[in-house]
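This report describes a structure for a reader who has not seen it before. It covers a pocket, some salt bridges and one further residue.

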Amino acid sequence: MPYRQLSQVLDPRTTVLLTVECQQGVVGPDSALPELAEQARSSGVLVNVARLVAAAHEGGVQVIHAIAERRPDGRGANHNARLFHAAGRLPVQQLSGTTAVRVAAPIEVREEDFVVHRLHGLSPIEGTEVDSLLRNLGCRTLVVTGVSANVAIPNAVFDAVNRGYTAVVPADAIAGVPSDYTPAMVRNTLALVATVATTDEVLACLSPRRCASRAGEDRGVT
């Protein structure tokens with residue numbers, strides 16, 4: 001049960017949809033993290049992210065794709081945690097300009113989307129353009145999707161909440177490993193700071209019909 005009703009927080013005019021690290025080198029067929037990629041695909045998470053992105057496009061909701069990458073020489077990247085050292089030894093590297101850092105199918109990227117690339121850190125918000133973009137867009141609610149529930153998703157949710165945004169997490173549109181970790185993270189951590197819902201519930205709020213209804217309210221049409 002969400003702590004706030006979705007209809008109260010998912011106004012399409014002030015909502016932004018964020019996809020986190022849904023890139024070919026992470027969730028694609030040739031992923032550097034095959035266990036995570038398999039979980040994102042077999043669980044339906046990647047399809048659900050694609051459904052949310054399609055609905056956002058149809059309903060005029062802004063989409064931001066957050067991509068993690070590194071330079072071939074590694075300059076500017078973090079080296080202060082085991083995760084970074086392990087990533088540096090993986091057979092597939094998230095190198096700038098390569099197919100590994102392109103948004104993975106079946107998610108569609110449109111011209112009006114923002115694609116934000118980061119070279120450092122664990123969060124798609126901290127130290128990137130995302131916060132400034134959200135403020136300039138008039139965002140009040142951030143829908144967080146993607147991977148992983150282990151690291152980047154909680155980072156994004158915490159950063160959003162700390163900056164004054166309402167966070168919404170479609171629990172079936174995020175993935176982590178092992179498979180039973182994500183529901184535990186949602187139940188014991190994310191539900192304390194975000195409104196947790198399902199993809200279908202979020203889709204109902206982002207539907208073009210609801211967007212049109214909101215626009216009619218602005219014009220005084222009943």
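## The largest pocket

The largest pocket has a volume of about 750 Å³. A pocket here is an open set of points on a 1 Å grid over the protein atoms alone, where a 1.4 Å probe fits, with protein on both sides within 12 Å along at least five of seven lines; lining residues have an atom within 4 Å of a point. The volume is the space filled by probe spheres set on the points, which are joined across faces, edges and corners.

The lining of this pocket has 33 residues, and Glu21, Leu33, Ala68, Leu83 and Ala87 lie nearest its centre. Helices H2 (24-27), H3 (34-42) and H5 (82-88) each supply at least two lining residues, and the largest share, five residues, comes from H5. Helices (H or I, at least four residues) and strands (E, at least two) are DSSP runs, numbered from the N terminus. By class, the lining has 18 nonpolar, ten polar and five charged residues. Ala, Val, Leu, Ile, Met, Phe, Trp, Tyr, Cys and Pro count as nonpolar, Asp, Glu, Lys and Arg as charged, and the others, Gly among them, as polar.

## Basis of the model

The model is predicted: local features need pLDDT of at least 70, side-chain atom pairs count only at pLDDT 80 or more, and totals for chains, interfaces and linings use all residues. Residues are numbered from 1 along each chain as its sequence is written, and side-chain values use heavy atoms, with hydrogens and water left out.

## Salt bridges

The whole structure has nine salt bridges (a side-chain nitrogen of Lys or Arg within 4 Å of a carboxyl oxygen of Asp or Glu). Glu21 forms one of them with Arg118, with 3.0 Å between the closest N and O atoms. This pair links distant parts of the chain, 97 residues apart: Glu21 is in the loop between strand S1 (15-20) and H2, and Arg118 is in strand S3 (residues 114-118). Both Glu21 and Arg118 are buried (under 20% relative accessible area; exposed is over 50% and partly exposed in between, with a 1.4 Å probe and protein chains only).

Asp11 and Arg13 also meet in a salt bridge, at 2.6 Å from N to O. Asp11 is buried, at 11%, and Arg13 is partly exposed, at 40%. Elsewhere, salt bridges link Glu126, Asp131, Arg135, Asp159 and Arg163 in a network.

## Leu192

Leu192 is in helix H8 (residues 181-193). Leu192 counts as exposed because its relative accessibility is 67%.
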